[in-house]
4 protein chains.
Amino acid sequence: MAVNREVNDDYTREAAEARLRAVSEAAGVSLEHIGSYSFDPGEAHGNVERFAGATQVPLGFAGPLLVNGEHARGEFFVPLATSEGTLVASYNRGMKVAREAGGVRATVVDDAIQRAPAFGFESAKEARAFEGWISEHLDEIEEQAESSTRTGCLRDIEQYSASRYRFLRFNFESGDAAGQNMAGRATAAACEWIAKHYEGIRHFQLEGNFATDKKASQVNIMHTRGKRVVAEITLSDELLREELHTSAQAMYKARQVSNLGGFLADVNNNGSHSANGITAMFIATGQDVANVSESSAALAHAELLDDGSYYYSITLPSLIVGTYGGGTSLPTQREALELLGCYGEGKVRKFAEIVAAAVLCGELSLGAAVISDEWVDAHERLGRNR
Amino acid sequence: MAVNREVNDDYTREAAEARLRAVSEAAGVSLEHIGSYSFDPGEAHGNVERFAGATQVPLGFAGPLLVNGEHARGEFFVPLATSEGTLVASYNRGMKVAREAGGVRATVVDDAIQRAPAFGFESAKEARAFEGWISEHLDEIEEQAESSTRTGCLRDIEQYSASRYRFLRFNFESGDAAGQNMAGRATAAACEWIAKHYEGIRHFQLEGNFATDKKASQVNIMHTRGKRVVAEITLSDELLREELHTSAQAMYKARQVSNLGGFLADVNNNGSHSANGITAMFIATGQDVANVSESSAALAHAELLDDGSYYYSITLPSLIVGTYGGGTSLPTQREALELLGCYGEGKVRKFAEIVAAAVLCGELSLGAAVISDEWVDAHERLGRNR
Amino acid sequence: MAVNREVNDDYTREAAEARLRAVSEAAGVSLEHIGSYSFDPGEAHGNVERFAGATQVPLGFAGPLLVNGEHARGEFFVPLATSEGTLVASYNRGMKVAREAGGVRATVVDDAIQRAPAFGFESAKEARAFEGWISEHLDEIEEQAESSTRTGCLRDIEQYSASRYRFLRFNFESGDAAGQNMAGRATAAACEWIAKHYEGIRHFQLEGNFATDKKASQVNIMHTRGKRVVAEITLSDELLREELHTSAQAMYKARQVSNLGGFLADVNNNGSHSANGITAMFIATGQDVANVSESSAALAHAELLDDGSYYYSITLPSLIVGTYGGGTSLPTQREALELLGCYGEGKVRKFAEIVAAAVLCGELSLGAAVISDEWVDAHERLGRNR
Amino acid sequence: MAVNREVNDDYTREAAEARLRAVSEAAGVSLEHIGSYSFDPGEAHGNVERFAGATQVPLGFAGPLLVNGEHARGEFFVPLATSEGTLVASYNRGMKVAREAGGVRATVVDDAIQRAPAFGFESAKEARAFEGWISEHLDEIEEQAESSTRTGCLRDIEQYSASRYRFLRFNFESGDAAGQNMAGRATAAACEWIAKHYEGIRHFQLEGNFATDKKASQVNIMHTRGKRVVAEITLSDELLREELHTSAQAMYKARQVSNLGGFLADVNNNGSHSANGITAMFIATGQDVANVSESSAALAHAELLDDGSYYYSITLPSLIVGTYGGGTSLPTQREALELLGCYGEGKVRKFAEIVAAAVLCGELSLGAAVISDEWVDAHERLGRNR
């Protein structure tokens, strides 16, 4: 059946149409829009198999967003691809307030991508011995790991232990790529060398749930996965009152309740809705959207300053982004990155800063709406498509 | 500036083009592909504000997937919108094995959507008194909540307490819609009534980080958010050897290591990569993709049966899906749902079963690849776009 | 060997001495003090096997502690058995401040003890069917459960599901006993009846890590185990300055940092050191001290009030206490309970309130010391025994 | 009032009796047994303030326990101070089985004690700058830290970040002492130096909930607090059948269910009841019993070997123990340590190995009892004191 063809030379309109037709006929439904993409299927080579068309996700612009980062400086229109009504309007509102407050500071404080193989031994004692050997052979391991990649760089290896197992968490710098595949490949190369040179490994698996890729986890919140970015702002009480119909005191008090609820619910995010902005930007810019799982983790922290103003920050501990590779060169995705001045090499930290700054604006907007009772109203006005 | 228009009548090609042009010129980049969508902008009304175009996400089909559910029965071609190379091929491989094993059983075991307001009182004692009052007035509260919705139905209210606060977790049945907005609206209506009739509420906020929307949390893993779906399969050792180049024993052993690593890393998912399949299906079918945050939580459980075969199951405790409302009626998204026979009313559990069954296939494929060392190879062959 | 005798009639000084001598000679050390207990060994029957003597834990009194509870009202000298220098002094300091603030409010907001058996079925669908059957047969199950106990009362059964398993969390009211053994026995009786009357149970185990006894867990933080008690106080800024050398603002600010650190570390207690006071009271009063594992969980919540004063509360969600049974009738332990007016029936909530009130005082004292840099000094002055 | 005297020279029988009398008369109860201790009150100096007497906790011996550690080798009678009936018998049963299996292997795989101060800055960028400065000044910081202690040694400083804060986790080697006070003192000394030499610190607190002392936390499970010890054993199927009335297959299957329940409940311990043995040994040997909070964390891992035998291990990631200082020199406590050959310097790893080995035996016994339905029976027979 046409849908099953999987050879590399079939990223053509013809092959795609054949698949689409086969599926369409089998199910008896029209797939006209899925077939209405504007790009050359060859562009999707490496991004999808059994290519048949494209999903069109509506896109709106929020902003301009004023960012005072180290890499991102100035105003940006932020492309948000979403089907959730109110989302663009909410982020846009937050960006307006942030502009009036002088913009959002954004700082990348850490940067590493991981793969975490598990090694099993005869006993815990032998597993412990492995620890020292790894530390002594870091140079060789690094050489092996980096032999498989042009861009990746092994920064260090964290070690964790339980029972007769040892989990090595390889931390790579991945340049402008998100870097998961590089990390997997380089770690595999390193492990092959380790297995050849270390006797006594009884069990090996390239991943033992410790990376942890595409999953929310405490190890990623503590130890960073991808970019760790902090966005910060200070808002006067007056601005909060005028623009967000709340106050510094009310925001601060609500934060206490959100923290209390967060501890009780054991949430990986004591903020409001970082996932919304991150997801919409990820779709728009060709990120690996499944990484929303860990990228949406967030630590909100606020302070009421002596002059009555409100310091607010959001820390994204595991934001997985790239401006090179993956889906970033797909046509619409590339345009969105170019719009931000973030396509290609040397741009990834700039992009991370913009994402974090945008997230902060969404936190302000929803955080205030929840308090001032405007939340449901906004959804009523904007969010109903029937 | 054109990009800032936000009136309701501007879901037109003209308005969108004006926005696109304004942003494009400001940034000095071409946004041609973003402007190349095939649908009437009016279709996006309620899904996005400041509409300017669309992101095109490549789509491939995996399958057919053989599902033995209560609602989904038979073979389905599964639409996956993604830019992550290897993903479609991996799920497809798992679906092939699952077909040969007789298909995937899928069961929706629970179904509810939440909003969780926080109520503050003078003291813990007064907070406790509120508990009883709520229980006694459930009928009236239900009536108020349901007055704001045609489709939603208040099932029950869980209560949680800390300090002088009470968190009420309203559980709604939402029919075929994902239901978050309904839940927010209905809860707000109920709370307005509560606030009017109960004296002594000192503080109220419609959400106190206990729902928990678009966040990974233990409360959702324990108590369900959206659909709680289990997918199950039993594979013979022979099939595992022939098709996945591993064995029941090896899969089982790797599961132990993944559990150990999972406890150590404190992960919300002891499986492999549910986020991949869920995200690709969510984009393709118009789900609220930000819900990947909680929908990607998973509980993997395996058993080695007496006859040497391998029982494997994946439980998705907080899968947020809809077949009505939200982005489901957008043109490409609707086509994808129609293809699965899942568009519109009375279809949501069928769709949930298909998602869970697809996820299970991806777990088999990656789970086996990690063990049999085929993982990195597949990424080398399929996943490089440069 | 004498140490191995385990018959019931050997709770005598002679039997104990024989054991002590055997062990002492085997190891070549004197065990004179372990043999110097003041009670009749028969008193330890039911509390220990292979009885050989007693450990003497130093005891000091903190207080008086002024409690404004529902059951505990007035001043109490609190017996603390500990070997950690500074502990008594620190709690004592907190109690002094609390007295000056008018005392500590304490409220038991929930009360239940659990056992959580796991039932396995052929499939998730069959596991789901079990849910309904249990709900329909609650009366019979309750009857069976309660047939095994004079004092226990089955309040309800929570249900949790994953894969083809169903975890039932039986909630019992246990009167003045901590109740774990009663809960185990009653649940076993209920499950025996269930197993006899429900076909299709493939696997059963009386406990599946869901109770969770003697372990820190989120289910206990959310859903109570033992007593859920809240202690509250409001302190003027002046009092904080005079007695604790800090201020309401400083305490509040430190709380934000502790919350941030707590989310990052994933701690089951965002307070300071509840375990200290709980453990010392548990040893002194004959509680099952291993329950410190879950009893030490705590939720701290503070508010800065409009008049500048500081509201502070500590919620103990899983405090396991009894005033009857277990070690409560051992001679020194009983005296400590009698001193508090908490020995025997009808006293357990009074005791729970006193424990929570004492814990709050310790939080104030250490919380302030950390801020005002008095912490290390106190340990230098009081906590060195060499 | 006599109870309030707190001068250092009052560790005398007279002062203690005066306190006891005052409290006794105020409450109108006899405190005869609390006053019946066998040691010189001066021995309690540094362990308790406002000393008034002692709690007598019944003690029984389990064992002999056969340990094949690096430091502990041979058979040990294990002193267990407890009031929980069945506990000694259960551990004793496990020890018997373990002896027949050739003993328990035990290995200390990591060893460090912490204090984790929080530093606040003007912005996240300044907090990041602090990171590098700390790394560059490690030698000076180490010198300052160690100037305050004879025995402690600063191993390294982990850094964690969120918002504009930096949490430094100081890791100390503490020799044979548990070391918390040393760690606090040394960290304070280091921080004083840091504060003097680094400009721009806006906020400092010596502890920010990241150590985390006397609390269950993921950071301690991952990164060790105190001793990280693994105990291991391999049991033949035959031995399991004969002695524990179960089988390797049944134990392994139950482990899967316990893991599933553990993930669902979010427990810090997927084993059975490590807290029981740890607490009883802690009381008996003068450990800081409040550390049961974190010491009871455990990672259970089992494997079914090709020859049908059962490998079982328990990892205690945060076992806080000392054989010097604290309560270890109190008379009964010292005797218990001497009995194990663990009193004083150079003994702490030996003691840690014995604790872990004992814990493993308790896991075997209860783990098997839960499966073979002997659990409730044992409590009926042994655990009722009324």
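This is a predicted model: local features need pLDDT of at least 70, side-chain atom pairs count only at pLDDT 80 or more; totals for chains, interfaces and linings use all residues.
Residues are numbered from 1 along each chain as its sequence is written, chains are lettered from A in the order in which they are written, and side-chain values use heavy atoms, with hydrogens and water left out.

**Chain A**

I found that buried residues make up 70% of the 386 residues in chain A; buried means under 20% relative accessible area with a 1.4 Å probe, protein chains only. I recorded a box of roughly 70 × 60 × 35 Å for the C-alpha atoms, taken along the principal axes.

**Chain A with chain C**

I found 20 residues of chain A in contact with 20 residues of chain C. The area buried between these chains is about 1,900 Å², with 63% from carbon and sulfur atoms; this is the accessible area (1.4 Å probe) lost on putting the two parts together, summed over both. On the chain A side, I noted that Gln256(A), Phe263(A) and Leu264(A) lose the most area to chain C, together 35% of what that side buries.

**Helix pair in chain D**

I looked up which residues join the two helices: Ile283(D), Ala284(D) and Thr285(D) in α9(D) meet Thr332(D), Gln333(D), Ala336(D) and Leu337(D) in α11(D).

Methods:
Contact means heavy atoms within 4.5 Å. Helices (H or I, at least four residues) and strands (E, at least two) are DSSP runs, numbered from the N terminus. Buried means under 20% relative accessible area, exposed over 50%, partly exposed in between (1.4 Å probe, protein chains only).
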